[in-house]
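Welcome! Below you will find a few exercises, each with a worked solution. Try each task yourself before reading on.

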Amino acid sequence: MEIVYQPYIDPEFESLIERIHPPRVCIDNDAYQDCTLVKVDSANRHGILLDMVQVLTDLDLVISKSYISSDGGWFMDVFHVTDQLGNKLTDESLILYIQQAICSTRRGGIPKELQACLKRAVRPCHVSTEHTALEMTGRDRPGLMSEISAALYELGCHVTATVAWTHNARMACIIHVEDGFKGGPIMEPKRVAEVQEKLENVVEAPHDSGERRSVRLTAPAAGRTHTERRLHQLMYADRDYEQCQGCDGSCRHWKGCTKTHVTIESCREKGYSVVHARSRDRTKLLFDTVCALTDMQYVVFHAAVSSKGAMADQEYFVRRQDGCSLVTEDERHRLTECLIAAIERRVSRQGLRLDVCTQNKRGLLSDLTRVFRENGLSITRAEIGTHGERAIGSFYVTDASGHDVNPRTVELVRQEIGGSALVVNKSPDRTSRASSSSINRSSSSEVEERPRFSLGNLLWSQLERLSGNFGLIKS
């Protein structure tokens, strides 16, 4: 018998560069009067940009501009950020958290001790890493969420958090549950199979057994993918991007057009593909776009993101992870469709926002969604979770035809659920608004005519000026 010896490779070797040159995060409140600069330089790796954007968006911060450069194995990024009210970041505990959290993402996650020191919510209340996660996709239809939550109640599953999106007649949701009989996550194979079979029957579209759908249960895990990123992945796998169309290109300079524009050009001199995206400005726009690029295995080498008026411009210099630019027209077309879907799926069918804050109890989600269904309301998006003994979240609803909800219907729903538990939110939604806190301050909310956003004219001058403040990395 031949003995084969293989070299031993220390598992810590891959992190050697990071340990020699740890990431450096600088929070600058002096450069601008209306925003805080978060400046990062670090050794580069695939997905680092998404990790950093995720830290900031989980803190509910608004990124109005960003400049990115990562050639030569090194990463340098500048974010212009404010809080949701348009204020600079002055809380010392928040600043310390951002500095430490961005570095912690490089080592596989943010410690709970660091989150506890912040004394504020880090992730939305609908994110859970301690319970069984049910991931479902399928064709959307009125009353589907009510049917799913009723089935879970009948199965003795206690819902602790729910997030659901709809787009292009497709649905994706992640529901976190615990065993209503024994408490804790659902782990027994027989019980898991029972829940999965029941939900598959519910999600299956009536009269169409061949309709694509999926139901999957996952056990609790500390390294579980971020919930909203996972929703993007589920909808991408469900091919909700098919037949996604932004502007048809007839408005050459994008004058006055509020549709989503995505164009892909070739930069032959440097071997990049240049992705231009223009859309309505909103919070989490950068997160959604970078999610799509990262999960489709594209590497961002340079980028500039900015907003003015109601619109946001994004420009990315990318290559595939194998180092090649986009070669075929089919590949460019697919990336275009997927980026339009990523930009629009969070806000494609907003509807009326109903905020819920009530005492948590078993069957609460089933009760709420039943009332919506019985009054002819269709849920287009949902985010609800628990905070202590309270259930807090939001539902976005339309009528069964996708039109605006009759105010009399809303009042009937409020009376049935309880006036103090359900509030109609008439303020501009943070996810879709273009207010003074999420854009460069502008005296007009109208879409302005402007020349095409150019990385060549903007990125390098900004990076050259800002990079002087980074200083040398100490080993």
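## Exercise 1: A covered helix

Helix α2 (residues 48–58) is mostly covered, with 11 of its 11 residues buried. The model you are looking at is a predicted one.

**Task.** Name the buried residues of α2, then find the residue with positive phi that follows α2.

**Solution.** 
- Step 1. Walk along the helix: the buried residues of α2 are Ile 48, Leu 49, Leu 50, Asp 51, Met 52, Val 53, Gln 54, Val 55, Leu 56, Thr 57 and Asp 58.
- Step 2. Continue past the end of the helix: α2 is followed by Asp 60, which has a positive phi near 65 degrees.

## Exercise 2: The whole chain

**Task.** How many helices and strands are there in the chain, and what percentage of its residues count as buried?

**Solution.** 
- Step 1. Count the elements: the chain has 12 helices and 16 strands.
- Step 2. Turn to burial: 52% of the 475 residues count as buried.

## Exercise 3: One helix, two partners

Two packed helices are described by the angle between their axes and the distance between the axes.

**Task.** Describe how α5 packs with α6, and then how α5 packs with α10.

**Solution.** 
- Step 1. Begin with the geometry of the α6 pair: helix α5 (residues 144–154) and helix α6 (residues 189–203) pack at about 160 degrees, and their axes are 10 Å apart. Angles over 145 degrees count as roughly antiparallel, so α5 is roughly antiparallel to α6.
- Step 2. Look at the handedness: α5 passes α6 in a right-handed crossing.
- Step 3. List the residues that meet: α5 contributes Leu 144, Glu 147, Ile 148, Ala 151, Leu 152 and Glu 154, while α6 contributes Val 195, Lys 198, Leu 199, Val 202 and Val 203. The residues of this contact of α5 with α6 divide into eight nonpolar, no polar and three charged.
- Step 4. The crossing of α5 and α10 is left-handed.
- Step 5. List the residues again: Met 145, Ser 146, Ser 149, Ala 150 and Tyr 153 of α5 make the contact with Leu 365, Ser 366, Thr 369, Arg 370 and Arg 373 of α10. Here the contact of α5 with α10 has four nonpolar, four polar and two charged residues.

## Exercise 4: α7 meets α8

**Task.** At what angle do α7 and α8 pack, and where is Thr 294 placed?

**Solution.** 
- Step 1. Take the angle: α7 and α8 pack at about 55 degrees, with their axes 10 Å apart. That makes α7 oblique to α8.
- Step 2. Note the handedness: α7 and α8 make a right-handed crossing.
- Step 3. Find the residues that meet: Glu 228, Arg 229, His 232 and Gln 233 in α7 are in contact with Phe 287, Asp 288, Cys 291, Thr 294 and Asp 295 in α8. The residues of the contact of α7 with α8 divide into two nonpolar, three polar and four charged.
- Step 4. Focus on Thr 294: this residue is in helix α8 (residues 285–295). Thr 294 is buried, with a relative accessible area of 9%.
- Step 5. Check its surroundings: leaving aside neighbours within four places in sequence, Thr 294 is in contact with His 46, Gly 47, Leu 50 and Arg 229.

## Exercise 5: Loops and cysteines

**Task.** In which loops do Thr 225, Arg 239 and Lys 284 lie, and how many disulfides does the structure have?

**Solution.** 
- Step 1. Thr 225 lies in the loop between β8 (214–218) and α7. Thr 225 counts as partly exposed at 33% relative accessibility. Not counting residues up to four places away in sequence, Thr 225 touches Arg 230 and Gln 233.
- Step 2. Arg 239 is in the loop between α7 (227–237) and β9 (261–267). Although not a glycine, Arg 239 has a positive phi of about 60 degrees. At 35% relative accessibility, Arg 239 is partly exposed.
- Step 3. Lys 284 is in the loop between β10 (272–280) and α8. Lys 284 has a positive phi near 70 degrees.
- Step 4. A search of the whole structure finds zero disulfides. Cys 291 is buried at 0% relative accessible area, whereas Cys 357 is partly exposed at 35% relative accessibility.

Methods. Residues numbered from 1 in each chain as written. Predicted model: local features only at pLDDT ≥ 70, side-chain atom pairs only at ≥ 80, totals over all residues. Heavy atoms only, no water. Axes fitted to C-alpha atoms, helices over the stretch in contact; angles between N-to-C directions. Helix = DSSP H or I, 4+ residues; strand = E, 2+ residues; numbered from the N terminus. Parallel < 35°, antiparallel > 145°, perpendicular 65-115°, else oblique. Left-handed = near helix turned anticlockwise from the far one by under 90°. Contact = heavy atoms within 4.5 Å. Nonpolar A, V, L, I, M, F, W, Y, C, P; charged D, E, K, R; others polar. Disulfide = S-S within 2.5 Å. Buried < 20%, exposed > 50% of the residue type's maximum accessible area, 1.4 Å probe, protein only.
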